[in-house]
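Subject: Structure handover

Hello,

Here is the structure I promised to pass on. Please open it first, then read my notes below.

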2 protein chains.
Amino acid sequence: MSTALKVALAYHEAWKSRDLERAMSYIADDIVCDAPAGRLEGADAYRAFLSPFVQMLRSATMLAAFGDDETALVMYDAETVPVPSAPGAECVTVRAGRIVYSRFLFDRAPFDAARRQAV
Amino acid sequence: MSTALKVALAYHEAWKSRDLERAMSYIADDIVCDAPAGRLEGADAYRAFLSPFVQMLRSATMLAAFGDDETALVMYDAETVPVPSAPGAECVTVRAGRIVYSRFLFDRAPFDAARRQAV
């Protein structure tokens with residue numbers, strides 16, 4: 001298995017089991033993440049993005065995961081409290097065992113709708 | 001290169017060059033596609049989904065593409081008329097040279113916002 005994929009899968013397993021600290025151990029201090037709402041820079045910003053997701057997570061299922069030495073691409077489905085099926089895809093660049101760049105994709109529409117309903 | 005990836009890339013090149021008919025030649029008649037707004041069944045439904053996207057497409061750039069014999073996973077960024085950066089990810093199952101299943105992921109939020117602004 002490719003180095004990048006190993007890290008991406010270990011990171012996935014960590015957040016899937018709602019272990020935020022273990023998940024963050026695979027995130028580089030200077031991570032750059034292009035997420036739907038914009039660019040996140042640094043591990044603190046990434047933690048502030050990941051933490052509420054982990055808190056509302058019920059379960060996750062990997063749909064496909066591939067990688068080479070430096071890049072991994074995964075797609076999963078996630079069951080969350082507000083959104084029953086919230087698939088995501090992440091394309092990550094890994095260096096020295098940590099994710100240094102992530103292109104993070106999910107559909108914000110059902111989360112926005114759930115938020116409007118909750119107000 | 002894996003069979004599934006070859007088909008996924010040929011399909012991608014076709015819609016990227018706005019050739020809807022060539023793109024559809026890689027789509028099985030009985031395709032099932034789980035898209036953000038719900039399940040699409042059959043090539044006609046898929047065409048009705050892909051056609052307006054192709055019409056508003058300005059350019060697309062592949063970010064990562066992987067696959068094995070049956071499955072391919074790709075992520076790309078797309079520049080469209082209403083949304084300047086509209087990344088997408090597709091996890092496809094390929095049989096006999098055609099896509100029979102697709103899990104299709106993009107963020108609907110900026111498209112919804114552009115539609116509201118246009119009204």
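This is a predicted model: local features need pLDDT of at least 70, side-chain atom pairs count only at pLDDT 80 or more; totals for chains, interfaces and linings use all residues.

Residues are numbered from 1 along each chain as its sequence is written, chains are lettered from A and ligands numbered from 1 in the order in which they are written, and side-chain values use heavy atoms, with hydrogens and water left out.

**Domain**

An unreviewed UniProt entry lists residues 10-101 of chain A as "domain: SnoaL-like". UniProt positions follow the numbering used here, feature names are shortened, and annotations may be inferred rather than shown by experiment. The span is 28% helix and 50% strand, and its end C-alpha atoms lie 16 Å apart. Helices (H or I, at least four residues) and strands (E, at least two) are DSSP runs, numbered from the N terminus.

**Strand E1**

Strand E1 of chain A covers residues 27-35; seven of its nine residues are buried, so the strand is largely enclosed by the rest of the structure. Buried means under 20% relative accessible area, exposed over 50%, partly exposed in between (1.4 Å probe, protein chains only). E1(A) runs parallel to strand E6 (residues 98-106) of chain A, with four bridges joining them. Two strands pair if DSSP finds at least two bridges between them. Cys33(A) has Ser102(A) as its bridge partner in E6(A). E1(A) also pairs with strand E2 (residues 38-41) of chain A, antiparallel, over four bridges. There Ala35(A) stands opposite Gly38(A). A hairpin of two residues links E1(A) to E2(A).

**Strand E5**

Seven of the eight residues of E5(A) are buried, so this strand too is largely enclosed by the rest of the structure. Six bridges pair E5(A) with E4(A) in the antiparallel sense. Eight bridges join E5(A) to E6(A), also antiparallel. Cys91(A) stands opposite Leu73(A) and opposite Arg103(A) in E6(A). The E5(A)-E6(A) hairpin has two residues between the strands; Ala96(A), in the turn, has a positive phi of about 55°.

**Two single residues**

Ser2(A) sits in the segment before helix H1 (3-16) of chain A. It counts as buried at 14% relative accessibility. A polar atom of the Ser2(A) side chain lies 2.7 Å from the backbone oxygen of Asp68(A).

Val83(A) lies in the loop between E4 and E5 of chain A. Val83(A) is buried, at 4% relative accessible area. Neighbours within four places in sequence aside, Val83(A) is in contact (heavy atoms within 4.5 Å) with Ala78(A), Pro110(A) and Phe111(A).

**Interface**

26 residues of chain A are in contact with 26 residues of chain B. The area buried between the chains is about 1,900 Å², 74% of it from carbon and sulfur atoms. Buried area is the accessible area (1.4 Å probe) that two parts lose on being put together, summed over both. In chain A, Phe66(A), Arg103(A) and Leu105(A) lose the most area to chain B, together 34% of what that side buries.

Four salt bridges are counted between chain A and chain B. Each is a side-chain nitrogen of Lys or Arg within 4 Å of a carboxyl oxygen of Asp or Glu. One joins Arg108(B) to Asp107(A), with the closest N and O atoms 2.7 Å apart.

Best wishes

Key:
A polar contact is a pair of N or O atoms within 3.5 Å; within protein, one must be able to donate a hydrogen and the other to accept it, and residues adjacent in sequence count only if both atoms are side-chain atoms.
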